[in-house]
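Morning, everyone. Please look at the screen, and I'll talk you through two places.

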Amino acid sequence: MNARRKPLIAGNWKMHQGGASGVDLAVQVARAAAVLPAVEVVVAPPYLAIPGVVRETTEVAQQHHCAPIGVAGQNVHHEPKGAFTGEIAASMLVEAGCRWAIIGHSERRQYFAEQDADVAKKTRAALAAGLGAIVCVGETLEERTSGRTLDVVLRMVDAVLDVLAGAGARGVIAYEPVWAIGTGKVATPKDAQDVHAAIRARLAGRDVELANATRILYGGSVKADNARDLLAQADIDGALVGGASLDIAQFGPIMRAAQELAS
Ligand code: PEP
């Protein structure tokens with residue numbers, strides 16, 4: 001972590017907790033976050049839960065006299081409107097109360113064939129609509145074992161470099177090694193830090209301010225018991241958490257580890 005960037009802990013709920021249970025979970029997260037002012041907390045529920053999550057977490061913030069947690073869409077379409085059945089535009093997320101969008105998650109790249117160019121267009125659309133963009137990058141196991149981790153990750157970063165320039169703290173990159181997502185296999189803090197440092201250097205090559213402002217999150221089997229060691233690394237500015245974000249007994253300690261390291 002670095003004092004110039006506020007740590008960001010984001011929970012990607014994927015296709016879980018879509019209804020009332022999602023609103024309950026978000027209220028638990030918002031209550032826990034209310035006493036952690038040094039951390040920015042974001043949850044990404046399924047679309048249908050977003051209005052309820054925004055409403056109830058805003059109410060928690062009012063009760064605690066603090067800023068509300070952020071709410072993110074898990075995806076966004078790059079066009080502002082049109083005949084794109086099943087898709088959601090960035091402006092619609094904003095209208096529903098979202099302040100963030102997750103873009104280019106490996107599951108979108110793997111199951112929905114999203115390419116680097118799509119990710120760049122979506123990121124541009126999200127930022128233009130006023131959202132923050134959490135852009136996911138990461139290598140597969142085969143790419144890692146064949147020594148191509150940095151080639152792949154930096155290629156994905158290059159695709160959004162120009163788009164993120166000028167976004168300030170609304171531009172976020174999540175390094176998520178695909179082999180660590182949902183597998184229980186976590187990158188060692190040193191391996192994660194090495195990739196984060198390479199991403200930071202790539203950003204600095206484009207623009208020093210971009211490197212200083214962009215938060216780089218680690219994601220991939222982050223849990224209560226490994227979060228602190230990861231978050232303690234110099235270029236790890238937070239976490240994108242999948243499975244453990246569905247359980248406040250896991251997500252709470254991850255948020256608290258960030259608060260302790262930042263204060
Ligand atoms: C994710 O889906 O972004 C993720 C990191 O999942 P998990 O924490 O379950 O590995």
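I'll start with the ligand and then move to one threonine.

Keep in mind that this is a predicted model.

So, the ligand. Which residues come nearest? There are 14 residues around the ligand, and the nearest are Lys 14, Glu 176, Gly 182, Ser 221 and Gly 242. What is this shell made of? It divides into four nonpolar residues, eight polar and two charged.

Take Glu 176: one of its polar side-chain atoms is 2.7 Å from a ligand oxygen. His 105 also uses its side chain, with an N or O atom 2.8 Å from an oxygen of the ligand. Gly 242 uses its backbone instead, and there an N or O atom sits 2.8 Å from a ligand oxygen. How much of the ligand does the protein cover? On its own, the ligand has 290 Å² of accessible area, and the protein covers 97% of that.

Next stop, Thr 57. Find helix 2, residues 50-64; Thr 57 lies in it.

Is Thr 57 buried or exposed? Buried means under 20% relative accessible area. Thr 57 has 2% relative accessibility, so it counts as buried.

What does Thr 57 touch? Setting aside neighbours within four places in sequence, its contacts are Ala 26, Val 27, Ala 30, Pro 68, Ile 69 and Val 71. And its polar side-chain atom? One such atom of Thr 57 lies 2.6 Å from the backbone oxygen of Val 53.

That's my tour. Thanks.

Technical notes: Residues are numbered from 1 along each chain as its sequence is written. This is a predicted model: local features need pLDDT of at least 70, side-chain atom pairs count only at pLDDT 80 or more; totals for chains, interfaces and linings use all residues. Side-chain values use heavy atoms; hydrogens and water are left out. A residue is near a molecule or strand if one of its heavy atoms lies within 4 Å of it. A polar contact is a pair of N or O atoms within 3.5 Å; within protein, one must be able to donate a hydrogen and the other to accept it, and residues adjacent in sequence count only if both atoms are side-chain atoms. Accessible areas come from the Shrake-Rupley method with a 1.4 Å probe; for residues, only the protein chains shown count as cover. Ala, Val, Leu, Ile, Met, Phe, Trp, Tyr, Cys and Pro count as nonpolar, Asp, Glu, Lys and Arg as charged, and the others, Gly among them, as polar. Helices (H or I, at least four residues) and strands (E, at least two) are DSSP runs, numbered from the N terminus. Buried means under 20% relative accessible area, exposed over 50%, partly exposed in between (1.4 Å probe, protein chains only). Contact means heavy atoms within 4.5 Å.
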